[in-house]
Every structure is written in C-alpha cells, then in structure tokens.
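Here is a short briefing on one protein chain. Please look over the sequence and the fold before reading on.

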Amino acid sequence: MKRFALIIVLIFSMIIITGCENFDLEYERNQLEKEIKTLQNDIDNLQNDISTLQKTREELIQNNEVIYIIELEISQSHFTLDLEQHLKDEMNTIKLPIQVSEEYYYSVEEGDLLSDEFRIGSFIFKGSIGSWKIKVANKEIVYVTE
C-alpha cells in the first residue's frame with residue numbers, strides 16, 4: 001500500500017511538474033510571438049522609410065537641372081571714429097556666390113544677417129574692436145540646359 005501511494009504521489013508530481021513546464025513554455029512562446037510581431041512592424045516601418053528616401057533621392061537626381069545660388073557679402077567693421085578705417089572696411093567687402101540646397105535657399109532672404117561675430121583675436125593682439133559680418137546679398141535660381 002505504501003508503494004502504491006508512493007507511485008501515485010510520484011505520478012501526480014510528474015504531472016504537476018510537466019504542467020508547469022508546459023505553462024512556462026507557453027508563456028515563453030507567447031512572448032516570442034509578441035517580439036516577432038514587434039520586429040515585423042519595425043521591419044515594415046523601415047521598409048516604408050527606405051521607400052520614402054528612395055523617392056526623395058530620385059526626385060533630387062531628377063531636379064539637378066536647377067541650381068540654387070546665394071551670394072554672401074562678407075565684411076568687417078570696426079568701432080572707431082577713423083574715417084580711413086571705415087573706408088578700408090567698405091573697400092575690403094567681398095561677395096561670394098555659393099551653391100546651396102533648395103531648402104536652405106528658401107530658408108534665407110536677401111539682407112538676412114547670417115553671422116555677426118566679434119573678432120576676439122584682433123582685440124587681444126591689436127586692441128582693435130571689430131566684427132565680421134556675413135549677410136545674404138543676393139539670391140538666384142539657375143536653370144541648367146544641356
């Protein structure tokens with residue numbers, strides 16, 4: 001009788017342990033399925049992003065017939081009462097045309113001041129108080145014909 005009770009307890013224990021393992025396996029399976037769905041969604045989103053970027057790239061390649069140019073005016077100015085220094089600053093002004101992207105072209109306007117930086121090196125070594133000024137002098141769209 002003790003043997004029979006021991007066998008029954010062992011069988012019952014094995015059923016419980018096996019059931020727990022099945023429960024753990026089912027839980028892990030559900031977690032893996034959720035992770036697979038999440039990764040599949042990520043893959044789909046990335047493929048959509050790739051498609052969008054490829055379309056944008058193709059549009060840019062096709063639009064290479066248009067060139068956007070802004071002309072920068074680079075000058076320096078000094079805080080002084082010396083007329084000669086002001087004339088020299090005006091005469092040393094340079095204009096530099098550069099090609100820019102369409103987005104940047106439309107983000108600036110003629111007359112916009114892009115930079116007005118204090119010339120710290122000149123102040124330290126020469127005592128000169130002045131600054132660099134960079135502004136948009138002109139904008140132009142050029143259509144390339146072959």
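Which residues does V136 touch, not counting those up to four places away in sequence? They are E71, L72, V108, E109, E110, G111, D112 and L114. The model is predicted.

**Confidence**
- The mean pLDDT of the protein is 78.
- A value of 70 or more is reached by 72% of the residues.
- Strand 2 (residues 94-100) has the highest confidence, at 90.
- Helix 4 (residues 120-126) has the lowest, at a mean of 63.

**Nonpolar core**
- V136 belongs to the largest nonpolar core, which has 7 residues in all.
- In soluble globular proteins, nonpolar side chains tend to be buried together.

- E73 sits in strand 1 (residues 66-78).
- E73 counts as buried because its relative accessible area is 18%, under the 20% cut-off.
- Beyond its neighbours within four places in sequence, E73 contacts T93, I94, K95, K133, I134, K135 and A137.
- K95 forms a salt bridge with E73, with the closest N and O atoms 4.0 Å apart.
- That pair links distant parts of the chain, with K95 in strand 2 and E73 in strand 1, 22 residues apart.
- K95 is exposed, at 51% relative accessibility.
- K135 also forms a salt bridge with E73, and here the closest N and O atoms are 3.8 Å apart.
- This pair too links distant parts of the chain: K135 is in strand 4 (residues 130-143), 62 residues from E73 in strand 1.
- K135 is partly exposed, with a relative accessible area of 34%.
- Through shared partners, salt bridges join E73, K95 and K135 into one network.

**Salt bridge in helix 1**
- The structure holds 3 salt bridges.
- One of them pairs the side chains of R29 and E33, at 3.4 Å from N to O.
- Both residues lie in helix 1 (residues 2-62), 4 residues apart, or about one turn of the helix.
- E33 is partly exposed, at 34% relative accessibility.
- Side chains of opposite charge can pair when their charged atoms come close.

**Q76 in strand 1**
- Q76 is found in strand 1.
- Q76 is buried, at 17% relative accessibility.
- From C-alpha to C-alpha, Q76 and D116 are 9.1 Å apart in space, while 40 residues separate them in sequence.

Definitions and conventions:
Residues numbered from 1 in each chain as written. Predicted model: local features only at pLDDT ≥ 70, side-chain atom pairs only at ≥ 80, totals over all residues. Heavy atoms only, no water. pLDDT = per-residue confidence, 0-100. Helix = DSSP H or I, 4+ residues; strand = E, 2+ residues; numbered from the N terminus. Buried < 20%, exposed > 50% of the residue type's maximum accessible area, 1.4 Å probe, protein only. Contact = heavy atoms within 4.5 Å. Core = buried A, V, L, I, M, F, W, Y, C linked by side-chain atoms within 4.5 Å.
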